[in-house]
Amino acid sequence: MSMLGIDLGTGSVKCALVDSSGQVLARASHNYSVHSTQPGWAESDPDDWLAATQNVAMRVLAESNETPSSVGFSGQMHGVVVADRNLKPLRKAILWADSRATTEAERMAREMDSDLLAHLGSPAVPGFAATTLAWLGRHEPDLLARASHVLQPKDWLRAALGGNIGTDPSDASGTLLFDVGAGLWSREAVTWSAIDPLLLPPVRPSQSDGGLVNLGGREIQSAVGGADTACVVAGLGLVPGQGFIAVGSGSQAVRVLDGPTLDSSLRTHTFAVAGEPGAGWYRIGAVQNAGLSLNAALNWFGSSIEEATAALAEGIREDDPLFVPYITGERTPFMNPNLRGSWHGLSLGTDRTALLRSIFVGVAQAVALGAIAVQDTGAPLPQPTPLVGGGTHDPLFRQLLADSTGLPLAVMDAPDAAVIGAALLGAGRTSSPVPAGWSDVVVPKPETVEYLRAQRDIMIDKLIGQENL
């Protein structure tokens with residue numbers, strides 16, 4: 001028996017055919033564009049998602065002589081698709097990376113007390129459905145008046161393929177409209193957003209019936225599916241007390257929780273795992289500026305990743321400049337969309353090699369701050385901590401991550417965890433039957449850990465000064 005998994009990411013969709021043991025039999029991916037017509041905006045055309053999904057499904061199904069028994073969906077979190085009764089999008093989808101609703105986020109923080117926000121699982125930030133919808137209500141009220149549905153990306157995709165209208169606890173918990181502990185839409189948050197509650201979909205278990213969908217010319221039974229990080233938790237087979245650090249365009253430090261303990265500091269997020277409402281929760285330190293910042297900085301220098309890695313191989317030096325990587329604002333631990341990147345400690349002796357090396361160090365420090373924030377909430381990461389993601393292939397950078405976080409890191413080759421988790425949900429299962437293993441453990445070097453801790457303190461001082469300007 002085989003299952004299909006669809007993972008709708010920010011810049012591409014992945015499809016995989018998975019067997020009953022969670023092994024990938026065939027895979028394909030297809031890119032699409034993220035549009036930014038104004039500074040701070042991030043949008044995608046949902047019709048591009050639909051066309052790309054049909055493309056990858058057709059390619060994967062062409063390799064199989066059988067129709068998969070089911071399909072499950074994983075998707076990027078926090079985005080908003082506003083659609084009419086026929087599921088036609090009324091505008092481009094507004095994505096998680098969008099910061100246009102900064103004013104609305106500031107107003108939400110003022111008007112809601114910290115206890116209510118803690119129950120919503122997150123601080124008031126732009127890019128989440130509640131603040132995005134408040135922005136739309138202020139700037140595009142006629143559009144909302146014509147809407148019949150407000151959906152998360154993977155939920156619109158499933159419905160547009162012929163499936164049912166609905167969402168699941170893991171995606172709902174990332175909207176700032178959902179009481180994470182109670183497992184219900186929050187009346188207070190929905191009222192604050194000033195939208196018609198009938199626009200929101202019913203919340204159903206992630207593995208529940210999502211209706212028949214048409215993929216690659218075949219009708220396949222679907223499940224509702226889950227948010228991408230929740231699907232990674234499922235695909236890795238993680239249980240309470242376990243977790244991981246993932247590094248890609250952004251970075252996530254994740255700890256699966258024993259119960260719905262909330263972060264009253266509002267420096268991290270608490271989301272639901274895939275499954276029934278109340279099935280479980282995880283704490284996440286979400287960092288926007290990892291590979292995103294690294295690639296941008298290398299482009300400024302016209303540098304290749306190979307040249308920058310060679311600079312890192314020469315070793316960190318005490319007179320290296322300090323790179324602050326927050327070029328797009330930051331979530332954990334600062335929750336400030338207005339932060340910006342910078343270099344400090346430049347001198348006449350600073351050369352190109354030192355600058356390139358400092359980019360890696362700055363990104364690793366951002367990853368470390370996300371992991372530290374999660375642990376400071378009383379949710380320690382396991383030791384060793386599994387390390388996953390496309391940004392973790394280079395051994396020098398893996399060592400730098402271990403030295404920055406101070407954690408032994410277990411290297412995992414798990415590029416398909418989210419799409420495997422989605423496929424398992426399609427088959428009615430919420431966790432991999434075979435927990436993922438690791439190939440190596442990277443041990444932090446004590447002397448480098450201390451140096452990087454001191455540098456991190458300087459970086460925080462610079463950021464505090466920036467926030468007070």
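The model is predicted, with local features requiring pLDDT of at least 70 and side-chain atom pairs pLDDT 80 or more, while totals for chains, interfaces and linings use all residues. Residues are numbered from 1 along each chain as its sequence is written, and side-chain values use heavy atoms, without hydrogens and water.

**Pockets**
- A pocket is an open set of points on a 1 Å grid over the protein atoms alone, with protein on both sides within 12 Å along at least five of seven lines; lining residues have an atom within 4 Å of a point.
- The lining of the second largest pocket comprises twelve nonpolar, eleven polar and four charged residues (nonpolar: Ala, Val, Leu, Ile, Met, Phe, Trp, Tyr, Cys and Pro; charged: Asp, Glu, Lys and Arg; polar: the others, Gly among them).
- The largest pocket holds about 1300 Å³, a volume being the space filled by probe spheres set on the points, which are joined across faces, edges and corners.
- Among the 49 residues that line the largest pocket, Asp7, Asp228, Gly248, Ser249 and Gln252 lie closest to its centre.
- Helix 9 contributes the most to the lining of the largest pocket, namely four residues (helices are DSSP runs of H or I with at least four residues, strands are E runs with at least two, numbered from the N terminus).
- The lining of the largest pocket has 20 nonpolar, 21 polar and eight charged residues.

**Cavities**
- The whole structure contains two cavities of 30 Å³ or more, a cavity being a set of points where a 1.4 Å probe fits but cannot get out.
- The largest cavity has about 80 Å³ of space, and its lining includes Ala129, Trp185 and Pro201.
- The second largest cavity has about 70 Å³; its lining includes Ile316, Tyr451 and Gln455.
- Helix 12 and helix 15 (446–467) each give two or more residues to the lining of the second largest cavity.

**Helix packing**
- The axes of helix 11 (residues 305–313) and helix 12 (residues 352–376) come within 8 Å and cross at roughly 95 degrees (axes are lines fitted to C-alpha atoms over the stretch in contact, with angles from 0 to 180 degrees between N-to-C directions).
- Helix 11 and helix 12 are therefore roughly perpendicular, a class covering 65 to 115 degrees.

**Salt bridges**
- The whole structure has 17 salt bridges (a side-chain nitrogen of Lys or Arg within 4 Å of a carboxyl oxygen of Asp or Glu).
- One of them joins glutamate 43 and arginine 100 at 2.8 Å, N to O, linking parts of the chain 57 residues apart.

Definitions and conventions. Angles under 35 degrees count as roughly parallel, over 145 as roughly antiparallel, 65 to 115 as roughly perpendicular and the rest as oblique.
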